[in-house]
Amino acid sequence: ALTYRPTRTPLRSCQLAPYMQQPQEVPAEGGEVLLAATGLAQTFDGQRYPFRDIELSLARGAKVGLVGSNGVGKSSLLKVLVGADAPERGSVKLSRDVQLAYVEQDPTLPDGALAEEFFYGSELPGFAALREFSAAAAEVEVGGGEGVAARLQRASDAMDASGAWALESEMRKLCERLNVRSLLRSEATSLSGGQRKRLALAAALLAKPDVLLLDEPTNHLDISGIGWLEAEISSLRDTAVLLVTHDRAFLSAVAREIVELHGSSLWRHRGSYEDFLEAKQARLEAQGQQAAAARNLYRRELAWVRKQPKARESKSKSRLERFEGLAATVAAAPPPPQAVELEAGMQRLGTSVLRFEAASCTRGERNVLSGFSYDFSRGDRIGLVGPNGAGKSSFLLAVLQQLPLEGGRVVAGETVVYGHYSQEGLQVDDGEKRVLAFVREAVADGHEAQRGEGGRLGGDEAERRAGQLLRQFLFPQHRWATPVGRLSGGERRRLQLLSVLAKEPNVLLLDEPTNDLDLDTLAVLEDFLLAFQGVLVVVSHDRYFVDKVCSQLFVLGGDGDVRRWPDSFTRWVEWQDQQRAAAAPSAPPPPAAPPQPQASEPAAGKALSAFEERRLASLEGELAALGDAEAALQQRINTFDAARDGYSDLQDWTAELETLQAKVADTEERWLALAERA
């Protein structure tokens, strides 16, 4: 059997690992079984098992989402399924001649390897000819010696014979679509994690495998790239896809089945992500009732056992055996699900927050801002969106005043305390530093930064607070001594978030915060941000996340222009689609202005769901913030002074007030639609 792993090295077809066998005939819903895992178990210390005795099969054409908490073992399971790691026990069975592609969370190549090896390292049909043709063409470009022309001709003949010209054309299209074509001759180690991820993704899609395993495939893709990937995966009708992703919109669009890894077991739910949430809630309620009943019965039986005189034990042997079985049942019950509880403080924020005054700046050859002005206010909740390379991360650096301006200025209030969650992830000089020591230092540094020189916490107090935060962020005590470098990707992201919130910031800048976080942590992070009273600026391509926590968008086009959009990310994407459709030759003329947002709450008559109750609460908060902003703007207009203010300012304020009033009216309509059913 052929296993193709575009993100492993060397990239070539390989033999099955010893524990991987050819399958027996295993019927499965949805078609021929391509991969079947039986009795898989994995442990790294002989005590804790990410998964134990699990069964998993993938049928041709299946589209399965794998979900679970950070550090639960999702990436470990993928590595076992592709043969990169061996399990403690169990087997993985592959059908004959199955081609399997795997895109890791952080793809790598050996030092010195060129990025094109993501493609040319495979020995799948056509790739050998394509690799030789690329090498010969490169020699011609640099003016190689004798025999170069003959080598190029032989390579061209091989391309003809293997039909690899179509492969080369498809490779070029994929690389252009993922914006990596210019990187093929670069050393892989010189590329960013996002560039390597897009190259590995292109190589996997080009291979057209029978089984495709993807670990966080939407990381580093912009919204148009995510939409394109949704369509690509959905079009793979004969390919079985198993994917790990935090992007709920992507998961809903692609997956037809959800598998959850929880408590060392796999729980399979057929249907969409929404169906999974409903089924999981019912499952947890049933488990809770069963576990509670078992515990109550166990307590009664334990009391009975303790009362029995030794002489009577022989008369109640059957009841003692039942007690022993009950004790085993209670001990083996899956642990109740835990959730991260974010309750970080916030430093006092004065009336003067942050102001951009005709700010202009560039980064490299990119124009980030061109005469941008905006006065941030307490309660601002802004989503930064735009294509890759538009300058969103650079905008955050400008807010932090870490990007030199070429014109204008940025003025920050005296009480501003920044919290910056960087897209690059957790930066640790010493990967062997223990988790507790890392958090203890973060707490002490944050305390000193807030209170100035001499305000550093003592060791005992810093350790006490560090322990509180670690428990709050669901790091079990046995993980506190783990070196930071050995944490999973999701655990490192959670630790990074912890270190940012430890500073108790009042201006929070989040750059792709949803990458690698599990879905439960995302839900709690959303609730925390909805209650956050400072200034929030978020860079994210996660539509669910931005829609929930942001009240307006700054849309960056990559030319220095920043466009304000007073509604949700989803509405922006819909409007963009309408604009593109209107620009098509057969379409009617495009609308003169963006459509006013329309209320889209569910029809009355049904009780509010838990999501709708949270939405109702968030709308109430939005209305209060909008009312404050409207009053402040009206006061500015009422106190207009021609000697101090320009008439152009008055025009801008009036236009802004009209937009704000329309936003208030729309928000009130949506609030009323829900409030009438509450």
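In this predicted model, Ile-54 has a relative accessibility of 4% and therefore counts as buried, since the cut-off for that description is under 20%. The residue belongs to strand 3, which covers residues 51-59. Leaving aside residues up to four places away in sequence, Ile-54 touches Ala-37, Thr-38, Gly-39, Leu-40 and Leu-77, and also Ser-264, Ser-265 and Leu-266.

In soluble globular proteins, nonpolar side chains tend to be buried together. The largest nonpolar core of this model holds 96 residues, and those with the most contacts inside it are Phe-119, Val-439, Leu-470, Leu-495, Leu-508 and Leu-529. Helix 6, made of residues 193-207, gives the most to this core, with eight residues. Val-439 touches Ala-466, Leu-470, Leu-495 and Leu-498, again without counting residues up to four places away in sequence.

The next feature is a pair of helices. Two packed helices are described by the angle between their axes and the distance between the axes. For helix 3 (residues 127-141) and helix 5 (residues 164-177), the axes come within 9 Å and cross at roughly 70°, so the two helices are roughly perpendicular to each other. At their contact, Phe-127, Ala-129, Leu-130 and Phe-133 of helix 3 meet Ala-164, Trp-165, Leu-167, Glu-168 and Met-171 of helix 5. By type, the residues of this contact comprise eight nonpolar, no polar and one charged.

Finally, there is an open sheet of three strands, which follow the order 12-11-14 and pair in antiparallel fashion. Strand 12 (366-376) and strand 14 (407-412) stand at the edges with a single partner strand each, which means that one side of each is left without a neighbour in the sheet. From one strand to the next, the twist averages 25°. Strand 11, covering residues 354-363, is joined to strand 12 by seven bridges, and the two run antiparallel; within this part of the sheet, Thr-362 stands opposite Asn-367 of strand 12. Helix 11 (residues 392-399) packs on the sheet, where it touches strand 11, strand 12 and strand 14, and its direction makes about 50° with that of strand 12.

Note on methods. Residues are numbered from 1 along each chain as its sequence is written. This is a predicted model: local features need pLDDT of at least 70, side-chain atom pairs count only at pLDDT 80 or more; totals for chains, interfaces and linings use all residues. Side-chain values use heavy atoms; hydrogens and water are left out. Two strands pair if DSSP finds at least two bridges between them. Helices (H or I, at least four residues) and strands (E, at least two) are DSSP runs, numbered from the N terminus. Axes are lines fitted to C-alpha atoms, for helices over the stretch in contact, and angles run from 0 to 180 degrees between N-to-C directions. Contact means heavy atoms within 4.5 Å. Buried means under 20% relative accessible area, exposed over 50%, partly exposed in between (1.4 Å probe, protein chains only). A nonpolar core is a set of buried Ala, Val, Leu, Ile, Met, Phe, Trp, Tyr and Cys residues joined through side-chain atoms within 4.5 Å. Angles under 35 degrees count as roughly parallel, over 145 as roughly antiparallel, 65 to 115 as roughly perpendicular and the rest as oblique. Ala, Val, Leu, Ile, Met, Phe, Trp, Tyr, Cys and Pro count as nonpolar, Asp, Glu, Lys and Arg as charged, and the others, Gly among them, as polar.
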